[in-house]
Amino acid sequence: MPTSTDPLTTREVVFSPTLLIATWFGSGLAPVASGTFGSLAALPFVWLLMQLSMPLALLLCIALFFLGAATGRVLGLRMHEPDHGAIVVDEVVGVALAILLPYWLLAGWVSAYVFVIAGFAVFRAYDILKPWPVSYFDSHWKNAWGVMLDDVLAGFMAAAVVVASVILSQ
């Protein structure tokens with residue numbers, strides 16, 4: 001049995017549903033840019049959500065937010081770091097919001113691919129640069145809720161930029 005000081009292994013993740021969710025099916029184990037890999041790994045899930053009704057997709061995003069806080073907390077405790085780089089379920093929720101909100105608000109204005117590419121790119125920029133208020137949650141809430149909330153805010157902010165960009169370009 002690994003101790004909390006041992007590195008996280010692929011085997012450990014594969015055999016733990018909790019760690020599988022927190023690392024978004026192992027994408028958080030990428031040696032560099034785990035947040036970007038987690039966001040990329042989220043795209044099939046986001047595509048699935050795009051096929052559903054808005055209320056159902058939002059309900060699934062909310063459920064994943066709470067599931068992410070719970071599983072991220074477990075992984076954070078395991079690694080003795082509440083915002084360990086392997087936790088990428090927060091990126092999944094954030095990038096989903098960054099893509100889905102503009103897609104639902106402006107469906108038919110531009111291709112769905114525009115929402116995916118723009119939402120992904122702007123979300124990653126906000127997640128990496130952490131402008132206020134994203135930075136507030138990142139630096140002041142050193143727990144599972146802060147881990148999730150900074151990415152949710154980055155997702156909402158990215159969605160606003162994508163919506164404004166599409167409207168202004170028309």
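Student: How are α4 and α8 oriented to each other?
Tutor: Angles under 35 degrees count as roughly parallel, over 145 as roughly antiparallel, 65 to 115 as roughly perpendicular and the rest as oblique. Helix α4 (residues 54–79) and helix α8 (residues 144–169) pack at about 135°, their axes 8 Å apart, and are therefore oblique to each other. Axes are lines fitted to C-alpha atoms over the stretch in contact, with angles from 0 to 180 degrees between N-to-C directions; helices are DSSP runs of H or I, at least four residues, numbered from the N terminus. This is a predicted model, where local features need pLDDT of at least 70 and side-chain atom pairs count only at pLDDT 80 or more, while totals for chains, interfaces and linings use all residues. Residues are numbered from 1 along each chain as its sequence is written, and side-chain values use heavy atoms, leaving out hydrogens and water.

Student: Which residues of α4 and α8 make the contact?
Tutor: Contact means heavy atoms within 4.5 Å. Here L64, F65, F66, G68, A69 and R73 of α4 meet A144, W145, M148, L149 and V152 of α8.

Student: And what about α3 and α6?
Tutor: The axes of helix α3 (residues 34–50) and helix α6 (residues 112–129) come within 11 Å and cross at roughly 150°, which makes α3 roughly antiparallel to α6. Their contact involves G35, T36, S39, L40, L43 and M50 of α3, with A112, V116, F120, F123 and R124 of α6.

Technical notes: Helices (H or I, at least four residues) and strands (E, at least two) are DSSP runs, numbered from the N terminus.
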